[in-house]
Amino acid sequence: MFDGVSQCLTTWATTQGAGAVVFAGDAPHDSTLAARLSLLGILPFPPPRTLTRAPLRFRLRYLVTCPSTTPEAQTLLGRLLVSALQEPELQVELGDIAPEWWSALGWPPQPAFWLLVPVSVPLAEPTAPLAREHVLSVQTSGRAWRRGTVTDARGQPVAGARVQLGGAPEPLYTDASGHFELAARPEDTLHVAAVVDGQVREVRVQPPGRDAGWPVQVPPPE
């Protein structure tokens, strides 16, 4: 991976006029015009937002110098800088290099700039085994929305009657007009309890036809 980056940078620097590119060690001692790219840091680089698996990304931080103090070396450094500034994938950091860097490298202070090179490592998409057989099972509950009315023996609506389907966890209560709404199956049983003339009367009924209303009449007091 790093070798591939070094090859790309070598081609780039050579295109700008470098006769040699050094990544480690000292520059040539002859008159060869050299560019020195010292890898001195690995920085984070957020992955892109993508619907597929995001690649691994980071940036390599190189210190770019030309070891010679000749005018030709300064010209080469300028061409490298201008070229890097025009590359959309590269990032250049300008400013004074901290003295600690020169001390650690054992070099005298010299013109230089930081070059950040992005590196992207694609990851393979995970694959799931194909199903040998696709089975789709669709079951319907058979429930239909029902609207009903609870009345007494005289046909008057009963407000606040307790209405509950068999097996349902919570009951419903009729409104001021004795109406209720719920979803029921043809085999369900509706349990209705209402207070009529001060007595609690109960009745159990089953739903009528699918499109019919659901009238429920509670028996008169005994």
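**Entry 1**

I looked up F23 and found a relative accessibility of 25%, so F23 counts as partly exposed. The classes I use are buried for under 20% relative accessible area, exposed for over 50%, and partly exposed in between, with a 1.4 Å probe and protein chains only. The model is a predicted one, in which local features need pLDDT of at least 70 and side-chain atom pairs count only at pLDDT 80 or more, while totals for chains, interfaces and linings use all residues. Residues are numbered from 1 along each chain as its sequence is written, and side-chain values use heavy atoms, with hydrogens and water left out.

I then listed the aromatic pairs, and the structure holds three. The criterion covers rings of Phe, Tyr and Trp (its six-membered ring) with centres within 6.5 Å; planes under 30 degrees apart are stacked, over 60 edge-to-face, and the rest tilted. One of the pairs is F23 with Y62, edge-to-face, at 6.4 Å centre to centre and 70° between the planes. F23 lies in the loop between β1 (20-22) and β2, and Y62 in strand β3 (residues 56-65); the pair links distant parts of the chain, 39 residues apart. Helices (H or I, at least four residues) and strands (E, at least two) are taken as DSSP runs, numbered from the N terminus. Y62 is buried because its relative accessible area is 2%.

**Entry 1: F180 and W214**

I recorded a further edge-to-face pair, F180 with W214, with 6.0 Å between centres and 65° between planes. This pair also links distant parts of the chain: F180 is in strand β9 (residues 179-184) and W214 in strand β12 (residues 214-217), 34 residues apart. F180 has 4% relative accessibility and therefore counts as buried. W214, at 3%, is likewise assigned to the buried class.

**Entry 2: Arginines over tryptophan rings**

I searched for charges over rings, that is, NZ of Lys or CZ of Arg within 6 Å of the ring centre and within 35 degrees of the ring normal. R36 lies over the face of W107, at 3.5 Å from the ring centre. R61 takes up such a position over W114, where the distance to the ring centre is 4.1 Å.

**Entry 3: Salt bridges**

I noted six of them in the structure. R61 meets E93 in one, at 2.7 Å from N to O. E93 is partly exposed, because its relative accessibility is 25%.

Which residues does R154 bridge to? I found D152, with the closest N and O atoms 3.5 Å apart, and D197, with the closest N and O atoms 3.9 Å apart. R154 lies in the loop between β6 (144-151) and β7 (162-165), and D197 in the loop between β10 (190-196) and β11 (199-205), so this bridge ties together parts 43 residues apart in sequence. Both R154 and D197 are exposed. Through shared partners, the salt bridges join D152, R154 and D197 into one network. R154 has a relative accessibility of 58%, whereas D152 is buried at 7%.

I placed Q91 in strand β4 (residues 91-93). At 35% relative accessibility, Q91 is partly exposed.

I placed T15 in helix α1 (residues 2-15). T15 is exposed, at 59% relative accessibility. Its C-alpha is separated by 9.9 Å from that of R79, 64 residues apart along the chain.

**Entry 4: Cysteines**

How many disulfides does the whole structure hold? My search found zero, the criterion being a pair of cysteine sulfur atoms within 2.5 Å. I also noted that C8 is exposed, with a relative accessible area of 56%, whereas C66 is buried, with 5%.

**Entry 5: A nonpolar surface patch**

I found F2, L39 and I42 in a nonpolar patch on the surface, with about 260 Å² of accessible area together. Patches are made of residues with over 30% relative accessible area and no salt bridge, like charges being joined within 9 Å and nonpolar side chains (Val, Leu, Ile, Met, Phe, Trp, Tyr) within 5 Å. Accessible areas come from the Shrake-Rupley method with a 1.4 Å probe, and for residues only the protein chains shown count as cover. I42 is in strand β2 (residues 34-44) and is exposed, at 53% relative accessibility.

Notes: A salt bridge is a side-chain nitrogen of Lys or Arg within 4 Å of a carboxyl oxygen of Asp or Glu.
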